Amino acid sequence: MASAAITSCYSTPLSIVSWNIAEAAPSFAAPCFDTRARDAPRLIRECILGSGRSSRPPDIIALQECPYPSFGTETFVEQGYVSAGGTTLSHCGYVDLLLKKQLAEKSRPISLDRNLSSVACRIALPNQTTISVSSSHLAPFKHGAGTRLRQCKNLKESLHLHQESGNNMILLGDYNMRQSEDKAIENILGIDAWKAAGSNYRNKFTWDSFSNEYHEDGFSF
């Protein structure tokens, strides 16, 4: 899970969380597997709502690998979140983009090619700034680098069609990139937020796959 706070185009920090929730299934290395699987929606909700800056719930939640299309809405509706861009099927699970109701009232969905495995919307912020926000789950595996490059090009071209937001874009999600792809992708989408924030290696990775073996056969990646 990744979280961030953006201060440049909002009256207060714009808090954002993006998380591949792995179809809401616990790691096979986790204790009490059956209990955690049953309580997954509550655990995910509590983790996300407590991850905002100064414990402030996030304004935007980008989810990848939802187990079914309405999972995000069902999990967060009572907390005042709305699915803003619709959901779309990726190679594994569904992609969703949730906004606080106040932001959702000032948003419009952006129509994207379903092959992008992305959902997006345009948001008019209180200070008259308009931004485009997307949640994506791009092609997997090392051999998918070419597909990911094409998906990034298509995503940026699609968002650029909405000129009201100009270059104000927040691109969230699981891009499945390898480090060798950084330069090519950054030439299209701009510098990675982690690098822009100072490249602190202590928070480069939000999931240690060697300590948290998700897969049943226990392999790490």
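Helices H5 and H6 pack at an angle of about 10°, and their axes are 9 Å apart. Axes here are lines fitted to C-alpha atoms over the stretch in contact, with angles from 0 to 180 degrees between N-to-C directions. H5 and H6 are therefore roughly parallel to each other, a label given to angles under 35 degrees. On the H5 side the contact (heavy atoms within 4.5 Å) is made by Arg148, Leu149, Cys152, Lys153 and Lys156, and on the H6 side by Ala184, Ile185, Ile188 and Leu189. By class, the contact of H5 with H6 has six nonpolar, no polar and three charged residues. In this scheme Ala, Val, Leu, Ile, Met, Phe, Trp, Tyr, Cys and Pro count as nonpolar, Asp, Glu, Lys and Arg as charged, and the others, Gly among them, as polar.

The model is predicted: local features need pLDDT of at least 70 and side-chain atom pairs pLDDT 80 or more, whereas totals for chains, interfaces and linings use all residues. Residues are numbered from 1 along each chain as its sequence is written, and side-chain values use heavy atoms, with hydrogens and water left out.

**Loops**

Pro140 lies in the loop between strand E9 (130–137) and helix H5 (145–160). Helices (H or I, at least four residues) and strands (E, at least two) are DSSP runs numbered from the N terminus. Leaving aside neighbours within four places in sequence, Pro140 is in contact with His91, Arg148 and Asn176. The C-alpha atoms of Pro140 and Tyr175 are separated by 8.1 Å, although these residues are 35 residues apart along the chain.

Asn176 itself belongs to the loop between strand E10 (169–174) and helix H6 (182–189), and its phi is positive, near 55°. Glu23, which is not a glycine either, has a positive phi of about 60°. Most residues other than glycine have a negative phi. Glu23 is found in the loop between strand E2 (14–20) and helix H1 (33–38).

Ser117 is placed in the loop between strand E7 (107–110) and strand E8 (118–124). Not counting residues up to four places away in sequence, Ser117 touches Thr88, Leu89, Ser90, Val95, Ser135, Ser136, His137 and Gln151. Ser117 counts as buried because its relative accessibility is 8%; buried means under 20% relative accessible area, exposed over 50% and partly exposed in between (1.4 Å probe, protein chains only). Glu23, at 36%, counts as partly exposed.

**Aromatic pairs**

Rings of Phe, Tyr and Trp (its six-membered ring) pair if their centres lie within 6.5 Å, and planes over 60 degrees apart count as edge-to-face.

| Pair | Centre to centre | Between the planes |
|---|---|---|
| Phe76 and Tyr81, edge-to-face | 5.9 Å | 75° |
| Trp194 and Tyr201, edge-to-face | 5.3 Å | 85° |

Phe76 and Tyr81 are both buried. In the other tabulated pair, Trp194 counts as buried at 16% relative accessibility, whereas Tyr201, at 62%, counts as exposed.

**Overall totals**

The protein has seven helices and ten strands. Buried residues make up 40% of its 221 residues. Of the contacts with a separation of 6 or more, 61% are between residues 24 or more positions apart. The protein exposes about 12,100 Å², of which carbon and sulfur atoms supply 51%; the accessible areas come from the Shrake-Rupley method with a 1.4 Å probe.

Technical notes. Rings of Phe, Tyr and Trp (its six-membered ring) pair if their centres lie within 6.5 Å; planes under 30 degrees apart count as stacked, over 60 as edge-to-face and the rest as tilted. Angles under 35 degrees count as roughly parallel, over 145 as roughly antiparallel, 65 to 115 as roughly perpendicular and the rest as oblique.
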